[in-house]
Amino acid sequence: MNTLKKIISRLRVQAYLDFMWMTRDSKLCLINIVSDIILNLAGVAAVFLLATRFEGIGIWSRDQIVFMLGYAALVRGIMDMGFSYNVLHISRRIGRGQMDHVLIQPQPVWMAFLTEGFMPFSGIWAFLTGVGITAWAILQLNLTLTFYWGLLFALHLFTSCIIVLAFSFLWGSLAFWAPLAAEEISSRAVNFMYQLKSFPLDGLGPYVLLSMLTVLPVGFVAWYPARQLLGLETTGIWHTTAVAMILSLVAFVAFKKGMKHYEQTGSQRYLGWGHRN
Amino acid sequence: MNLKKHWKTMSVVATDSLHDQGFVLIGNYTLRLLRVVFLISLWRTLLPEEGDISGMTRDAVLTYTLIAEIFSGFMSVRTGLDEALWRGDIANRLLRPVGIYGQFIAEMLGDRIPNLILFSLPLFCIAPFFDINPLPANPTSGGLFIVSLLLGVLIGVAFDFIFASLLVFLEQSVYALMQIRDAVSVLLSGAIIPLAFLPWGLGDALTWLPFASVASAPLRIYTNTGDPIFLLSLQVAWTIVLWPIAHALWNFNRERLVSHGG
């Protein structure tokens with residue numbers, strides 16, 4: 001209970017700081033809102049335009065594709081809102097030697113990561129875009145919304161976010177051993193997920209598809225959960241959750257190993273006059 | 001113009017990017033390869049094997065996608081000027097004994113060379129394994145593609161300087177504007193989806209914009225799915241229009257430069 005209180009209290013502090021940052025300048029505020037919306041829309045626009053032009057893609061109707069895109073936009077929105085300030089792009093923090101900033105704080109590392117990236121005001125716009133697209137698709141599809149379906153939706157969304165986060169941390173752990181070379185590796189891993197999350201994977205060959213659902217689990221960011229939620233896939237309801245758990249475990253082990261290495265070597269990125277090399 | 005300095009800058013940047021550890025390079029290239037595989041499978045799902053849609057056969061679209069990835073560094077032109085503004089090291093650049101345009105162009109080309117050798121060339125060679133013909137539609141298309149690609153790079157660089165000038169003028173969040181620009185320009189340039197496949201006649205309108213001259217034009221020339229005379233004329237026109245604007249805006253705004261980062 002005490003831990004939960006601490007988490008909420010830290011989230012409140014982050015929310016306050018974010019609100020102050022967001023409202024310090026009206027122009028900045030506007031640019032921030034517009035850029036987030038445009039970015040999230042642009043991320044799904046290509047597939048939407050194709051689905052519109054070809055009246056669907058493969059077994060997916062246009063509206064089903066829009067649902068998947070909305071789901072993908074929601075995942076991105078949640079990551080933007082909950083894991084900013086380079087928590088999602090963790091290799092930047094590690095590579096730049098900024099883990100020290102976390103380690104000197106009187107709180108566990110996991111709590112810092114869970115709360116430091118919370119941006120409920122400046123980060124919510126991409127999330128709202130996702131809500132809009134998903135709601136529109138649900139209306140078009142005439143989906144029957146039951147409590148069970150809602151739960152399933154929430155569970156899938158949560159596990160999809162975990163997969164993106166774990167994937168980033170897994171790759172990002174490389175920065176412990178190669179701080180300079182791997183400083184941007186999390187961004188690349190996340191960009192890879194974001195770029196491909198909107199594509200329906202049905203046409204992929206069996207081996208590539210398998211790799212997209214295991215080694216590079218981009219299929220679980222939107223495609224597979226959307227298939228489940230739309231009833232296109234009737235089996236494997238727990239696959240997304242299982243993959244999220246396995247990937248989190250692997251990422252946890254890799255990160256722990258990296259931290260052990262970091263404890264011995266520290267960061268050598270900063271030069272005597274304060275610049276990074 | 002002293003090309004030796006530019007050549008040196010290019011080679012320094014080219015070798016510098018190889019300082020990345022092997023696994024980082026391999027990781028990057030794997031991700032790029034997978035992106036191509038995704039797009040290829042998408043086209044194979046969408047397009048019929050025979051016949052054409054909007055003037056493009058499936059084979060032409062597959063070649064288009066492959067060549068777009070192979071030359072992606074030259075079709076999404078980024079000189080790094082916006083990042084130099086963001087980081088604040090633009091001040092150092094202005095002190096160097098090399099012209100600002102030449103300096104950034106040399107850096108950009110230097111950055112692309114290792115990718116061209118280590119990723120693009122092998123991808124070109126393995127294309128037949130994906131059942132894709134990577135060669136241009138005919139020798140003339142191949143020759144004109146080079147000209148078109150160079151014009152596209154020139155337009156892209158002019159764009160970069162115009163954009164950077166606006167960043168300085170507006171004094172707004174460089175990072176946010178860079179992100180918007182990247183997201184929108186890739187979509188509008190036809191680098192991912194051929195413009196002919198956009199709905200509501202959007203492609204016809206977008207063809208006239210400079211974004212399309214950077215990526216769509218050279219790719220259409222390569223695959224012989226567009227009129228090369230029209231596309232090249234349009235590119236020349238945009239080059240003539242954009243460069244004076246870029247030069248004027250940059251000259252005006254460089255005096256307003258303040259450090260955006262550090």
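Predicted model: local features only at pLDDT ≥ 70, side-chain atom pairs only at ≥ 80, totals over all residues.
**View 1. Chain A is built from 12 helices and zero strands.** From the N terminus on, its elements run α-α-α-α-α-α-α-α-α-α-α-α. Taken along the principal axes, the C-alpha atoms of chain A fill a box of roughly 60 × 45 × 40 Å. A compact globule of 277 residues would have a radius of gyration near 19 Å; chain A has 20 Å, so the value agrees.

**View 2. Burial and contacts in chain A.** Of the 277 residues in chain A, 43% are buried. Among contacts in chain A with a separation of 6 or more, 79% join residues 24 or more positions apart.

**View 3. The contact between chains A and B takes 33 residues from chain A and 29 residues from chain B.** On the side of chain A that touches chain B, the elements giving two or more residues are helix H2 (26-53) and helix H9 (185-196) of chain A. H2(A) gives the most, with 15 residues. By class, this side of chain A has 22 nonpolar, seven polar and four charged residues.

**View 4. Chain B has 13 helices and two strands.** The C-alpha trace of chain B spans about 60 × 40 × 35 Å along its principal axes. For 262 residues, a compact globule would have a radius of gyration near 18 Å; chain B has 19 Å, so here too the value agrees. In chain B, 42% of the 262 residues count as buried. Residues 24 or more positions apart supply 80% of the chain B contacts with a separation of 6 or more.

**View 5. Helices H1 and H7 of chain B cross at roughly 40°.** H1(B) covers residues 3-16 and H7(B) covers residues 100-126. Their axes come within 7 Å. The crossing of H1(B) and H7(B) is right-handed.

**View 6. Residues at the contact of H1(B) with H7(B).** H1(B) contributes His6(B), Thr9(B), Met10(B), Ser11(B), Val12(B), Val13(B) and Ala14(B). From H7(B) come Gly102(B), Gln103(B), Ala106(B), Glu107(B), Leu109(B), Gly110(B), Asp111(B), Ile113(B) and Pro114(B). By class, the contact has eight nonpolar, six polar and two charged residues.

Methods:
Residues numbered from 1 in each chain as written. Chains lettered and ligands numbered in written order. Axes fitted to C-alpha atoms, helices over the stretch in contact; angles between N-to-C directions. Helix = DSSP H or I, 4+ residues; strand = E, 2+ residues; numbered from the N terminus. Left-handed = near helix turned anticlockwise from the far one by under 90°. Contact = placed C-beta atoms within 7 Å. Nonpolar A, V, L, I, M, F, W, Y, C, P; charged D, E, K, R; others polar. Rg over C-alpha atoms; globule rule 2.2 N^0.38 Å. Buried ≥ 20, exposed ≤ 12 C-beta atoms within 10 Å, placed from the backbone.
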